[in-house]
Amino acid sequence: MSQINQTFKETFCSSDSRGSIVEEQLQVTTYAKPQDLIITRGSNAKLYDDINNKEYIDFTSGIAVTGLGHSNKKVAEIMFKQANSLVHASNLYYTPETLELSKKLVENTKKYEGQFDASRVFLCSSGTEANEAALKFAKKHGISINPTKQGIIAFQNSFHGRTMGALSVTWNAKYREPFGDLMPNVTFLNIHDDLAKLQEFISSNKDTIAGLIIEPIQGEGGIFPIPAEKLVGLKRACQENDIIVIYDEIQCGLGRTGKLWAHSHLPKEAHPDIFTSAKALGNGYPIGATIVNEKVNNALQIGDHGTTFGGNPLGCAIGAYVIDTIADEAFLKSVTKKGEFLTNRLTQIAAKYPGQIKEVRGKGLILGAEFIDSPAEIVKNARDLGLLVITAGKSTVRFVPALTIELENIEKGLDIFEQAIAKTFT
Ligand SMILES: Cc1ncc(COP(=O)(O)O)c(C=O)c1O
(Lines give C-alpha, C1' and ligand atoms only; values in the text may rest on other atoms or scores of the structure.)
Protein backbone atom coordinates (compact mmCIF):
# COMPACT_ATOMS: atom_id res chain seq x y z
CA MET A 1 0.00 0.00 0.00
CA SER A 2 1.35 3.46 -0.90
CA GLN A 3 2.33 5.86 1.88
CA ILE A 4 -0.62 8.14 1.09
CA ASN A 5 -3.11 5.24 1.34
CA GLN A 6 -1.46 3.99 4.56
CA THR A 7 -1.76 7.46 6.11
CA PHE A 8 -5.40 7.68 4.99
CA LYS A 9 -6.16 4.32 6.57
CA GLU A 10 -4.54 5.26 9.88
CA THR A 11 -6.33 8.64 9.98
CA PHE A 12 -9.82 7.85 8.74
CA CYS A 13 -10.56 4.13 8.95
CA SER A 14 -11.68 1.87 11.75
CA SER A 15 -9.23 -0.79 12.80
CA ASP A 16 -11.61 -3.68 12.01
CA SER A 17 -10.90 -5.84 8.99
CA ARG A 18 -13.54 -4.06 6.85
CA GLY A 19 -11.61 -0.82 7.13
CA SER A 20 -14.79 1.26 7.13
CA ILE A 21 -14.57 5.02 7.42
CA VAL A 22 -15.02 6.37 10.93
CA GLU A 23 -14.31 10.03 10.34
CA GLU A 24 -17.67 11.06 8.97
CA GLN A 25 -17.94 14.45 10.66
CA LEU A 26 -15.80 16.20 8.07
CA GLN A 27 -18.33 16.42 5.26
CA VAL A 28 -21.75 18.07 5.32
CA THR A 29 -24.69 15.73 5.63
CA THR A 30 -25.80 15.50 2.00
CA TYR A 31 -24.58 12.13 0.70
CA ALA A 32 -25.05 8.59 1.97
CA LYS A 33 -21.86 6.85 0.87
CA PRO A 34 -21.02 3.18 1.33
CA GLN A 35 -18.77 2.78 4.35
CA ASP A 36 -16.61 0.02 2.95
CA LEU A 37 -15.50 1.58 -0.33
CA ILE A 38 -12.69 4.09 -0.72
CA ILE A 39 -11.71 4.74 -4.32
CA THR A 40 -7.99 5.27 -4.65
CA ARG A 41 -7.41 5.02 -8.42
CA GLY A 42 -9.02 4.19 -11.74
CA SER A 43 -8.12 2.88 -15.15
CA ASN A 44 -10.55 3.15 -18.07
CA ALA A 45 -13.71 1.31 -16.86
CA LYS A 46 -12.21 -0.03 -13.65
CA LEU A 47 -11.92 1.49 -10.19
CA TYR A 48 -9.66 0.27 -7.41
CA ASP A 49 -9.91 0.42 -3.63
CA ASP A 50 -6.34 -0.12 -2.48
CA ILE A 51 -7.31 0.39 1.15
CA ASN A 52 -9.61 -2.65 1.09
CA ASN A 53 -7.81 -4.43 -1.79
CA LYS A 54 -10.82 -4.51 -4.07
CA GLU A 55 -11.33 -3.99 -7.79
CA TYR A 56 -14.59 -2.86 -9.46
CA ILE A 57 -15.97 -2.74 -12.96
CA ASP A 58 -17.43 0.74 -13.19
CA PHE A 59 -20.76 1.12 -14.99
CA THR A 60 -21.21 4.63 -13.54
CA SER A 61 -18.21 6.55 -15.00
CA GLY A 62 -18.62 9.08 -12.18
CA ILE A 63 -22.27 9.65 -13.23
CA ALA A 64 -21.65 9.83 -16.99
CA VAL A 65 -18.52 11.96 -16.64
CA THR A 66 -15.41 9.95 -17.55
CA GLY A 67 -16.61 9.13 -21.05
CA LEU A 68 -13.04 8.53 -22.20
CA GLY A 69 -12.23 6.41 -19.17
CA HIS A 70 -10.56 6.93 -15.81
CA SER A 71 -6.97 8.22 -15.85
CA ASN A 72 -7.05 8.70 -19.60
CA LYS A 73 -3.36 9.04 -20.50
CA LYS A 74 -3.89 11.62 -23.24
CA VAL A 75 -6.04 13.78 -20.94
CA ALA A 76 -3.35 13.53 -18.26
CA GLU A 77 -0.72 14.60 -20.79
CA ILE A 78 -2.82 17.60 -21.91
CA MET A 79 -3.43 18.61 -18.29
CA PHE A 80 0.28 18.46 -17.52
CA LYS A 81 1.27 20.42 -20.60
CA GLN A 82 -1.43 23.06 -20.22
CA ALA A 83 -0.85 23.45 -16.46
CA ASN A 84 2.79 24.21 -17.24
CA SER A 85 1.74 26.84 -19.76
CA LEU A 86 -1.44 28.60 -18.51
CA VAL A 87 -4.23 27.43 -16.20
CA HIS A 88 -6.32 30.56 -15.82
CA ALA A 89 -6.39 34.11 -17.11
CA SER A 90 -10.09 35.05 -16.54
CA ASN A 91 -12.76 36.13 -19.03
CA LEU A 92 -11.31 39.62 -19.14
CA TYR A 93 -8.96 38.45 -21.90
CA TYR A 94 -8.88 36.14 -24.90
CA THR A 95 -6.97 32.88 -24.70
CA PRO A 96 -6.39 30.55 -27.67
CA GLU A 97 -7.76 27.49 -25.85
CA THR A 98 -11.11 29.16 -25.07
CA LEU A 99 -11.65 30.18 -28.67
CA GLU A 100 -10.49 26.78 -29.92
CA LEU A 101 -12.98 24.86 -27.77
CA SER A 102 -15.83 27.24 -28.69
CA LYS A 103 -15.01 26.76 -32.39
CA LYS A 104 -14.88 22.98 -32.02
CA LEU A 105 -18.20 22.91 -30.17
CA VAL A 106 -19.98 24.96 -32.82
CA GLU A 107 -18.35 23.35 -35.87
CA ASN A 108 -18.68 19.74 -34.72
CA THR A 109 -22.26 20.32 -33.61
CA LYS A 110 -23.17 21.43 -37.12
CA LYS A 111 -21.08 18.73 -38.80
CA TYR A 112 -22.56 15.93 -36.68
CA GLU A 113 -26.22 16.89 -37.20
CA GLY A 114 -26.65 18.82 -33.94
CA GLN A 115 -28.25 22.27 -33.53
CA PHE A 116 -28.22 23.45 -37.13
CA ASP A 117 -27.95 27.15 -36.28
CA ALA A 118 -25.50 26.82 -33.34
CA SER A 119 -23.35 29.92 -33.34
CA ARG A 120 -21.95 30.94 -29.94
CA VAL A 121 -20.81 29.41 -26.67
CA PHE A 122 -20.82 30.41 -23.00
CA LEU A 123 -18.31 28.36 -21.00
CA CYS A 124 -18.65 27.64 -17.30
CA SER A 125 -17.65 24.99 -14.76
CA SER A 126 -20.59 22.60 -14.23
CA GLY A 127 -23.91 21.37 -15.55
CA THR A 128 -26.06 23.36 -13.20
CA GLU A 129 -24.21 26.54 -14.21
CA ALA A 130 -24.67 25.75 -17.91
CA ASN A 131 -28.42 25.52 -17.23
CA GLU A 132 -28.44 28.72 -15.14
CA ALA A 133 -27.00 30.52 -18.14
CA ALA A 134 -29.55 28.91 -20.48
CA LEU A 135 -32.46 29.96 -18.23
CA LYS A 136 -31.16 33.52 -17.91
CA PHE A 137 -30.65 33.79 -21.67
CA ALA A 138 -34.17 32.48 -22.38
CA LYS A 139 -35.67 34.91 -19.86
CA LYS A 140 -33.70 37.82 -21.30
CA HIS A 141 -35.00 36.94 -24.77
CA GLY A 142 -38.59 36.71 -23.49
CA ILE A 143 -38.38 40.01 -21.59
CA SER A 144 -37.00 41.72 -24.70
CA ILE A 145 -40.32 40.88 -26.41
CA ASN A 146 -42.64 41.58 -23.49
CA PRO A 147 -41.85 42.19 -19.77
CA THR A 148 -44.33 39.50 -18.67
CA LYS A 149 -42.72 36.82 -20.86
CA GLN A 150 -40.55 35.29 -18.09
CA GLY A 151 -41.95 31.87 -17.22
CA ILE A 152 -40.31 28.50 -17.91
CA ILE A 153 -41.90 25.19 -18.92
CA ALA A 154 -40.16 22.10 -17.55
CA PHE A 155 -41.23 18.45 -17.41
CA GLN A 156 -42.16 15.85 -14.83
CA ASN A 157 -39.17 13.57 -14.06
CA SER A 158 -36.69 16.25 -15.12
CA PHE A 159 -33.34 16.89 -13.47
CA HIS A 160 -31.42 20.05 -14.30
CA GLY A 161 -29.19 20.70 -11.27
CA ARG A 162 -29.08 21.95 -7.70
CA THR A 163 -28.50 25.72 -7.87
CA MET A 164 -31.59 27.84 -7.35
CA GLY A 165 -32.55 28.38 -11.00
CA ALA A 166 -31.76 24.87 -12.21
CA LEU A 167 -33.38 23.45 -9.07
CA SER A 168 -36.58 25.39 -9.82
CA VAL A 169 -36.98 23.41 -13.07
CA THR A 170 -36.06 20.06 -11.46
CA TRP A 171 -39.12 17.89 -10.91
CA ASN A 172 -38.31 15.89 -7.75
CA ALA A 173 -40.09 17.71 -4.90
CA LYS A 174 -37.66 16.17 -2.37
CA TYR A 175 -34.87 18.27 -3.92
CA ARG A 176 -36.93 21.47 -4.23
CA GLU A 177 -39.30 21.77 -1.32
CA PRO A 178 -36.84 22.02 1.61
CA PHE A 179 -35.56 25.29 0.10
CA GLY A 180 -38.72 27.35 0.13
CA ASP A 181 -39.22 29.97 -2.53
CA LEU A 182 -37.41 29.25 -5.77
CA MET A 183 -37.63 30.86 -9.22
CA PRO A 184 -41.33 31.69 -9.84
CA ASN A 185 -43.42 30.93 -12.94
CA VAL A 186 -42.23 27.36 -13.55
CA THR A 187 -44.82 24.92 -14.92
CA PHE A 188 -44.09 21.19 -15.01
CA LEU A 189 -45.89 19.50 -17.90
CA ASN A 190 -46.38 15.77 -18.40
CA ILE A 191 -44.64 14.63 -21.59
CA HIS A 192 -47.10 11.72 -21.86
CA ASP A 193 -50.01 14.13 -22.36
CA ASP A 194 -51.31 14.44 -25.91
CA LEU A 195 -49.12 16.65 -28.07
CA ALA A 196 -52.18 18.79 -28.90
CA LYS A 197 -52.77 19.43 -25.19
CA LEU A 198 -49.11 20.40 -24.64
CA GLN A 199 -49.18 22.69 -27.67
CA GLU A 200 -52.43 24.26 -26.52
CA PHE A 201 -50.84 25.06 -23.13
CA ILE A 202 -47.88 26.67 -24.89
CA SER A 203 -49.92 28.83 -27.26
CA SER A 204 -52.45 29.96 -24.67
CA ASN A 205 -49.64 31.04 -22.29
CA LYS A 206 -47.33 32.55 -24.87
CA ASP A 207 -47.35 36.01 -23.27
CA THR A 208 -45.96 34.71 -19.97
CA ILE A 209 -43.56 31.98 -21.11
CA ALA A 210 -39.96 32.68 -22.11
CA GLY A 211 -38.51 29.19 -22.43
CA LEU A 212 -38.98 25.44 -22.35
CA ILE A 213 -36.28 23.15 -20.93
CA ILE A 214 -36.14 19.40 -21.51
CA GLU A 215 -33.63 16.52 -21.52
CA PRO A 216 -33.96 14.60 -24.82
CA ILE A 217 -33.32 11.52 -22.68
CA GLN A 218 -34.26 12.09 -19.05
CA GLY A 219 -31.35 10.76 -16.98
CA GLU A 220 -31.75 11.11 -13.22
CA GLY A 221 -35.53 10.78 -13.56
CA GLY A 222 -35.17 7.14 -14.74
CA ILE A 223 -33.70 6.99 -18.30
CA PHE A 224 -36.76 8.04 -20.30
CA PRO A 225 -36.09 8.83 -23.97
CA ILE A 226 -38.52 11.53 -25.12
CA PRO A 227 -40.32 10.44 -28.34
CA ALA A 228 -39.06 12.36 -31.39
CA GLU A 229 -42.57 13.40 -32.46
CA LYS A 230 -43.10 15.10 -29.08
CA LEU A 231 -39.88 17.09 -29.46
CA VAL A 232 -40.76 18.06 -33.03
CA GLY A 233 -44.23 19.21 -31.94
CA LEU A 234 -42.99 21.08 -28.87
CA LYS A 235 -40.35 22.90 -30.90
CA ARG A 236 -42.95 23.89 -33.51
CA ALA A 237 -45.30 25.32 -30.87
CA CYS A 238 -42.45 27.17 -29.15
CA GLN A 239 -41.14 28.62 -32.40
CA GLU A 240 -44.61 29.87 -33.36
CA ASN A 241 -44.92 31.56 -29.97
CA ASP A 242 -41.41 33.05 -29.60
CA ILE A 243 -40.44 30.66 -26.81
CA ILE A 244 -36.81 29.55 -26.52
CA VAL A 245 -36.27 25.77 -26.54
CA ILE A 246 -33.44 24.51 -24.33
CA TYR A 247 -32.19 20.92 -24.55
CA ASP A 248 -30.26 19.76 -21.49
CA GLU A 249 -27.66 17.36 -22.95
CA ILE A 250 -25.54 17.33 -19.81
CA GLN A 251 -26.01 13.59 -19.24
CA CYS A 252 -27.27 12.26 -22.58
CA GLY A 253 -24.95 14.23 -24.89
CA LEU A 254 -21.33 13.88 -26.05
CA GLY A 255 -21.51 10.55 -27.81
CA ARG A 256 -23.50 8.65 -25.20
CA THR A 257 -26.31 7.80 -27.62
CA GLY A 258 -23.98 6.92 -30.52
CA LYS A 259 -24.29 10.41 -32.06
CA LEU A 260 -22.47 13.53 -30.91
CA TRP A 261 -25.63 14.89 -29.23
CA ALA A 262 -28.88 13.12 -28.35
CA HIS A 263 -30.70 15.69 -30.46
CA SER A 264 -28.50 14.74 -33.46
CA HIS A 265 -30.99 11.85 -33.89
CA LEU A 266 -33.80 14.40 -34.45
CA PRO A 267 -34.89 16.14 -37.65
CA LYS A 268 -33.66 19.71 -38.04
CA GLU A 269 -37.06 21.22 -37.18
CA ALA A 270 -36.74 19.84 -33.62
CA HIS A 271 -33.31 21.35 -32.96
CA PRO A 272 -33.12 23.67 -29.94
CA ASP A 273 -32.27 27.36 -29.65
CA ILE A 274 -29.94 26.54 -26.75
CA PHE A 275 -28.39 23.31 -25.54
CA THR A 276 -26.23 22.63 -22.53
CA SER A 277 -23.31 20.28 -21.99
CA ALA A 278 -21.03 19.47 -19.04
CA LYS A 279 -20.13 16.15 -17.33
CA ALA A 280 -18.12 14.30 -20.05
CA LEU A 281 -16.83 17.53 -21.60
CA GLY A 282 -13.88 17.62 -19.18
CA ASN A 283 -13.64 13.85 -18.63
CA GLY A 284 -13.63 14.66 -14.88
CA TYR A 285 -12.25 18.19 -15.01
CA PRO A 286 -15.21 20.53 -14.17
CA ILE A 287 -16.41 22.32 -17.28
CA GLY A 288 -19.80 23.23 -18.76
CA ALA A 289 -21.02 24.87 -21.95
CA THR A 290 -24.18 26.64 -23.09
CA ILE A 291 -24.43 26.70 -26.88
CA VAL A 292 -26.86 29.20 -28.42
CA ASN A 293 -28.05 30.45 -31.80
CA GLU A 294 -27.89 34.08 -32.99
CA LYS A 295 -31.54 34.70 -32.01
CA VAL A 296 -30.61 34.07 -28.35
CA ASN A 297 -27.34 35.97 -28.56
CA ASN A 298 -29.12 39.01 -30.02
CA ALA A 299 -31.01 39.40 -26.74
CA LEU A 300 -27.78 39.55 -24.71
CA GLN A 301 -25.65 42.52 -23.79
CA ILE A 302 -22.20 42.86 -22.30
CA GLY A 303 -22.49 42.34 -18.54
CA ASP A 304 -25.60 40.14 -18.67
CA HIS A 305 -23.77 37.08 -17.37
CA GLY A 306 -20.32 36.05 -16.23
CA THR A 307 -18.09 33.63 -14.35
CA THR A 308 -14.56 33.66 -12.99
CA PHE A 309 -13.44 30.12 -13.80
CA GLY A 310 -15.53 29.39 -16.92
CA GLY A 311 -13.55 28.92 -20.13
CA ASN A 312 -10.18 28.62 -18.42
CA PRO A 313 -7.41 27.32 -20.71
CA LEU A 314 -6.89 24.10 -18.72
CA GLY A 315 -10.52 22.99 -18.98
CA CYS A 316 -10.75 24.13 -22.59
CA ALA A 317 -7.62 22.24 -23.67
CA ILE A 318 -9.15 19.06 -22.22
CA GLY A 319 -12.58 19.83 -23.70
CA ALA A 320 -11.06 20.28 -27.17
CA TYR A 321 -9.47 16.83 -26.96
CA VAL A 322 -12.72 15.27 -25.70
CA ILE A 323 -14.73 16.78 -28.58
CA ASP A 324 -12.12 15.76 -31.18
CA THR A 325 -12.13 12.19 -29.88
CA ILE A 326 -15.88 11.75 -29.57
CA ALA A 327 -16.84 13.58 -32.78
CA ASP A 328 -15.35 10.85 -34.92
CA GLU A 329 -17.50 8.50 -37.01
CA ALA A 330 -15.61 5.37 -35.97
CA PHE A 331 -15.73 6.29 -32.28
CA LEU A 332 -19.47 7.00 -32.40
CA LYS A 333 -20.09 3.71 -34.25
CA SER A 334 -18.21 1.84 -31.53
CA VAL A 335 -20.53 3.37 -28.91
CA THR A 336 -23.59 2.22 -30.89
CA LYS A 337 -22.15 -1.30 -31.14
CA LYS A 338 -21.39 -1.51 -27.43
CA GLY A 339 -24.84 -0.11 -26.65
CA GLU A 340 -26.50 -2.80 -28.77
CA PHE A 341 -24.46 -5.49 -27.06
CA LEU A 342 -25.38 -4.18 -23.60
CA THR A 343 -29.06 -3.77 -24.53
CA ASN A 344 -29.31 -7.31 -25.95
CA ARG A 345 -27.75 -8.86 -22.90
CA LEU A 346 -29.89 -6.74 -20.52
CA THR A 347 -33.00 -7.78 -22.46
CA GLN A 348 -32.00 -11.45 -22.02
CA ILE A 349 -31.52 -10.89 -18.29
CA ALA A 350 -34.91 -9.14 -18.09
CA ALA A 351 -36.55 -12.11 -19.82
CA LYS A 352 -35.19 -14.39 -17.08
CA TYR A 353 -36.67 -12.20 -14.35
CA PRO A 354 -40.11 -11.12 -15.67
CA GLY A 355 -41.45 -10.76 -12.12
CA GLN A 356 -38.65 -8.36 -11.18
CA ILE A 357 -37.60 -6.41 -14.27
CA LYS A 358 -40.30 -4.35 -15.97
CA GLU A 359 -38.46 -2.75 -18.90
CA VAL A 360 -35.07 -2.10 -20.48
CA ARG A 361 -34.79 1.27 -22.25
CA GLY A 362 -32.40 3.97 -23.45
CA LYS A 363 -30.01 4.43 -26.35
CA GLY A 364 -26.32 3.69 -26.90
CA LEU A 365 -24.55 3.69 -23.55
CA ILE A 366 -27.25 5.48 -21.55
CA LEU A 367 -29.49 2.60 -20.55
CA GLY A 368 -31.84 1.72 -17.73
CA ALA A 369 -33.39 -1.48 -16.40
CA GLU A 370 -36.57 -0.66 -14.53
CA PHE A 371 -37.42 -3.00 -11.67
CA ILE A 372 -40.84 -3.52 -10.11
CA ASP A 373 -39.46 -2.54 -6.69
CA SER A 374 -36.53 -0.45 -5.48
CA PRO A 375 -33.26 -1.91 -6.81
CA ALA A 376 -31.21 -0.63 -3.82
CA GLU A 377 -30.33 -4.14 -2.66
CA ILE A 378 -29.28 -5.21 -6.16
CA VAL A 379 -26.95 -2.20 -6.34
CA LYS A 380 -25.44 -3.18 -2.97
CA ASN A 381 -25.08 -6.84 -3.92
CA ALA A 382 -23.47 -5.85 -7.23
CA ARG A 383 -20.98 -3.69 -5.35
CA ASP A 384 -20.11 -6.54 -3.00
CA LEU A 385 -19.49 -8.71 -6.06
CA GLY A 386 -17.28 -6.09 -7.80
CA LEU A 387 -19.58 -3.98 -9.99
CA LEU A 388 -20.55 -0.33 -9.50
CA VAL A 389 -23.98 0.70 -10.81
CA ILE A 390 -26.30 3.53 -9.81
CA THR A 391 -30.03 4.00 -9.74
CA ALA A 392 -32.13 6.56 -11.63
CA GLY A 393 -35.61 7.55 -10.51
CA LYS A 394 -37.27 5.27 -7.95
CA SER A 395 -36.82 1.84 -9.51
CA THR A 396 -34.33 1.92 -12.38
CA VAL A 397 -30.73 0.73 -12.48
CA ARG A 398 -28.72 2.99 -14.75
CA PHE A 399 -25.91 1.88 -17.07
CA VAL A 400 -23.59 4.73 -18.11
CA PRO A 401 -20.11 3.18 -18.43
CA ALA A 402 -17.14 4.88 -20.07
CA LEU A 403 -17.69 5.07 -23.83
CA THR A 404 -14.27 3.43 -24.10
CA ILE A 405 -15.21 0.40 -21.98
CA GLU A 406 -13.90 -2.89 -23.39
CA LEU A 407 -16.51 -5.46 -24.55
CA GLU A 408 -14.90 -7.91 -22.15
CA ASN A 409 -15.64 -5.66 -19.18
CA ILE A 410 -19.23 -5.08 -20.35
CA GLU A 411 -19.66 -8.87 -20.33
CA LYS A 412 -17.95 -9.33 -16.97
CA GLY A 413 -20.00 -6.49 -15.47
CA LEU A 414 -23.25 -7.94 -16.76
CA ASP A 415 -22.33 -11.39 -15.37
CA ILE A 416 -21.93 -9.73 -11.98
CA PHE A 417 -25.19 -7.82 -12.43
CA GLU A 418 -26.99 -11.08 -13.12
CA GLN A 419 -25.40 -12.72 -10.06
CA ALA A 420 -26.49 -9.71 -7.96
CA ILE A 421 -30.09 -10.12 -9.14
CA ALA A 422 -29.99 -13.86 -8.40
CA LYS A 423 -28.53 -13.17 -4.94
CA THR A 424 -31.24 -10.59 -4.22
CA PHE A 425 -34.17 -12.77 -5.24
CA THR A 426 -33.10 -16.20 -3.96
C1 LIG B 1 -29.43 16.28 -17.16
C2 LIG B 1 -28.62 16.96 -16.11
N3 LIG B 1 -28.63 18.29 -16.03
C4 LIG B 1 -27.91 18.95 -15.11
C5 LIG B 1 -27.14 18.27 -14.18
C6 LIG B 1 -26.35 19.03 -13.17
O7 LIG B 1 -24.99 18.97 -13.47
P8 LIG B 1 -23.90 19.28 -12.35
O9 LIG B 1 -24.03 18.22 -11.32
O10 LIG B 1 -22.58 19.25 -13.08
O11 LIG B 1 -24.20 20.62 -11.80
C12 LIG B 1 -27.10 16.87 -14.22
C13 LIG B 1 -26.34 16.12 -13.23
O14 LIG B 1 -26.58 14.98 -12.94
C15 LIG B 1 -27.86 16.20 -15.21
O16 LIG B 1 -27.88 14.86 -15.29
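In the predicted model, the largest nonpolar core comprises 77 residues. Within this core, the residues with the most contacts are Leu105, Leu212, Ile214, Ile326, Phe399 and Phe417. Residues of this core come from both domain 1 (3-71 + 330-425) and domain 2 (77-327), so the core lies between the two domains. In soluble globular proteins, nonpolar side chains tend to be buried together.

With residues up to four places away in sequence not counted, Leu105 touches Val121, Leu123, Trp261, Leu281, Ala289, Ile291 and Ile323.

The domain assignment divides the chain into domain 1, made of 3-71 + 330-425, and domain 2, covering 77-327. Taken over C-alpha atoms, the centres of the two domains are separated by 27 Å. At the level of residue contacts, 28 residues of domain 1 are in contact with 27 residues of domain 2.

The second largest pocket holds about 980 Å³ of space. Its lining consists of 24 residues, and those lying nearest the pocket centre are Asn91, Val121, Phe122, Leu123 and His305. Two or more lining residues are given by each of helix H4 (96-111), strand S4 (118-124) and strand S12 (288-293). Of the contributing elements, S4 gives the most, with five residues. By class, the lining of this pocket has 10 nonpolar, 12 polar and two charged residues. Val121 and Leu123, which lie among the residues nearest the centre of the pocket, are also touched by Leu105.

Backbone geometry was considered next. Most residues other than glycine have a negative phi. Glu113, which is not a glycine, has a positive phi of about 65 degrees. Glu113 is placed in the loop between H4 and S4 and is partly exposed, with a relative accessible area of 43%. Leu254 likewise has a positive phi, near 55 degrees, and is a residue other than glycine. The position of Leu254 is in the loop between strand S10 (244-248) and strand S11 (274-277). Leu254 has a relative accessible area of 2% and is therefore buried, the cut-off for this class being under 20%.

Val360 is found in strand S13, residues 357-363. The relative accessible area of Val360 is 22%, so Val360 is partly exposed. Val360 and Glu370 are 10 residues apart in sequence, with a C-alpha to C-alpha separation of 6.3 Å in space.

Glu411 is located in helix H14, residues 407-425. At a relative accessibility of 40%, Glu411 counts as partly exposed. Arg345 is 66 residues from Glu411 in sequence, and the two are 8.5 Å apart in space, C-alpha to C-alpha.

Conventions. Residues are numbered from 1 along each chain as its sequence is written. This is a predicted model: local features need pLDDT of at least 70, side-chain atom pairs count only at pLDDT 80 or more; totals for chains, interfaces and linings use all residues. Side-chain values use heavy atoms; hydrogens and water are left out. A nonpolar core is a set of buried Ala, Val, Leu, Ile, Met, Phe, Trp, Tyr and Cys residues joined through side-chain atoms within 4.5 Å. Buried means under 20% relative accessible area, exposed over 50%, partly exposed in between (1.4 Å probe, protein chains only). Domain bounds come from an automatic or database domain assignment. Contact means heavy atoms within 4.5 Å. On a 1 Å grid over the protein atoms alone, a cavity is a set of points where a 1.4 Å probe fits but cannot get out, and a pocket is an open set with protein on both sides within 12 Å along at least five of seven lines; lining residues have an atom within 4 Å of a point. Grid points are joined across faces, edges and corners, and a volume is the space filled by probe spheres set on the points. Helices (H or I, at least four residues) and strands (E, at least two) are DSSP runs, numbered from the N terminus. Ala, Val, Leu, Ile, Met, Phe, Trp, Tyr, Cys and Pro count as nonpolar, Asp, Glu, Lys and Arg as charged, and the others, Gly among them, as polar.
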